[in-house]
Amino acid sequence: MSSKSAPEEIGESKNRLKIAIVGAGIVGATAAIALSDLPNVSVTVFESSPGPQETGAWISLSLMVLDRLINLEEVQRILYRGDHEGTYITRHWRTGQIIATAPSSAHVLDKFKQARTHRVPLHNVLLSNIPEGTIRFNHKVLDHHVTEAGVQLTFRDRPSEAFDLVVAADGLYSKFRRRYTSDKVQYKGAVAYRKVFPESQVAHIKSLHNDSSSWRKDGEVMFLSRLGLEQYGVVAIIRETPEVAAKLHWAKNTGAEGLQRLQRHFATWDPMIGQVLQTMTDIDAYPLDSAPWLEQLVRHDRIAFIGDAAHPTAGAFGVGAALGQGDSWALYRSLQQSYTGDDRNLTLPIGSQTALEKHYNLRRALELYNETRRHFLGRVWRQQGLDSVDAAYIAQAANDEAEWIRRFQDRHKNQLWMTEYDVEAAFVETLASEAHWSKEVDGEDSVTARL
Ligand SMILES: Cc1cc2nc3c(=O)[nH]c(=O)nc-3n(C[C@H](O)[C@H](O)[C@H](O)COP(=O)(O)OP(=O)(O)OC[C@H]3O[C@@H](n4cnc5c(N)ncnc54)[C@H](O)[C@@H]3O)c2cc1C
């Protein structure tokens, strides 16, 4: 797939499938690259903020998906792998002893092996691969109305606009999602404190590990890692009462006071953590929120949910961005598959009297997308519940260090089914079994073989 390619021109622009993507975060940006490559489409991304947001953190990402969308070299140069080929090393919270590792499978090509980067350069690489003029910053979508002809988006101080397909990539607090679920986003009971700073700041710490390490203790974690581009990252996830969390704001700096709190919290942990914290002057806070995940990722044959808007859990397994990139690929392949290029199975175009002018079967595309993603995402959701059962079991041995380590190692799983999930393979399998699950086989009411 070529980057920055303009959509194939077929007919007049009014006959193109009009796609709106709401949100230009990491996931909306990935979707914009992918969907812009489809034939006969016009893609517009609406982003409420005035420009790319600088929220600092690190990201592990799906290199397999990015390789299909852009020149992977652009991404490789912003990545950090370090020792152990990028594998996360888990250390005992007090001694720093390695108690678990999570290596990539032997068959994984070097270029796809685990790696991490800083969110800002990743976002910039993605944005630079979106065709010019696609993103409209400062465009907050206020509401949407679905009609037979499409989806009408409304904005403050601007005329509303109609689209054939809307992709909701508006993040964890998605207004789109809450129109359909009325769910409550709730505090998860922990706050992530994060900071990225120049690597030179910690260069004097002689024993600093040349890898990505996490120190874990009963639901609390400290991550330390170099990040490439000569940056260093600190992420601490600690339990905080709702009262403390309520005083913190997403991505807001907690100043020296917040940092001192953290230093006190980690005073009994591996001294290396204290040494790194000692070099810092402040830290940002991210109170972690969560809401139930969508079981169905599409609505009205017109709206698709991707990224945190679809699976709203801050920080789950560190795969949120990778999951959203998988969504983007699945949606792209589903639309591509439903493109007829002729007058069969067409969606009704906005403002047109005829259904013969646009060349996508949206209903089929969204079914394909939903079916490709929902089983896998359901499993990830359930895994969170299983992990909290394991965490409680391990925590019961808090007063017996040897038993605590034994339980940790016994329950610690390298979740390769999640981290190395191949969304393209899943799409091909979904397509091959379409006759068994599709509503379109004999009409919606005759579905008997849902998987
Ligand atoms: C502590 C922590 C650690 C994490 N670590 C990792 C990790 O290692 N790996 C990983 O893959 N993921 C990680 N994640 C998760 C990852 O950050 C998210 O899953 C990812 O950023 C979601 O991207 P998104 O584009 O779906 O949503 P967002 O990044 O939230 O983007 C949504 C965008 O929509 C815009 N928007 C919202 N409403 C509107 C509107 N009405 N109109 C127009 N625009 C709108 C917003 O301004 C925003 O730009 C972590 C998260 C946390 C909290």
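Colleague: Is the crossing left-handed or right-handed where α1 passes α9?
Modeller: Helices are DSSP runs of H or I with at least four residues, strands are E runs of at least two, and both are numbered from the N terminus. A crossing is right-handed if the near helix is turned clockwise from the far one by less than a right angle, left-handed if anticlockwise. For α1 passing α9, the crossing is right-handed.

Colleague: What kind of model is this?
Modeller: Residues are numbered from 1 along each chain as its sequence is written. Local features need pLDDT of at least 70, side-chain atom pairs count only at pLDDT 80 or more, totals for chains, interfaces and linings use all residues, and the model is predicted.

Colleague: How do α1 and α9 run, roughly parallel or roughly antiparallel?
Modeller: Helix α1 covers residues 26-36 and α9 covers 320-338; their axes come within 9 Å and cross at roughly 25°. Axes are lines fitted to C-alpha atoms over the stretch in contact, with angles from 0 to 180 degrees between N-to-C directions. Under 35 degrees counts as roughly parallel, over 145 as roughly antiparallel, 65 to 115 as roughly perpendicular and the rest as oblique. So α1 and α9 are roughly parallel.

Colleague: Which residues of α1 meet α9?
Modeller: On the α9 side, the partners include W329, Y332 and L335 (contact means C-beta atoms, placed from the backbone, within 7 Å). On the α1 side, they are I26, V27, T30, A31, A34 and L35.

Colleague: What is the bridge partner of V298 in β19?
Modeller: β18 joins β19 (residues 303-305) by two bridges, and the two strands run antiparallel. Across from V298 sits A304.

Colleague: Which residue of β13 stands opposite H92?
Modeller: Strand β4 (residues 88-92) runs parallel to β13 (residues 212-217), joined by five bridges. Opposite H92 stands R216.

Colleague: Which residue takes a positive phi in the hairpin of β13 and β14?
Modeller: β13 and β14 (residues 220-228) pair in the antiparallel sense over five bridges, and S213 has L224 as its bridge partner in β14. Two residues lie between the strands, and the one with a positive phi near 45° is D218.

Conventions. Contact = placed C-beta atoms within 7 Å. Pairing = 2+ DSSP bridges.
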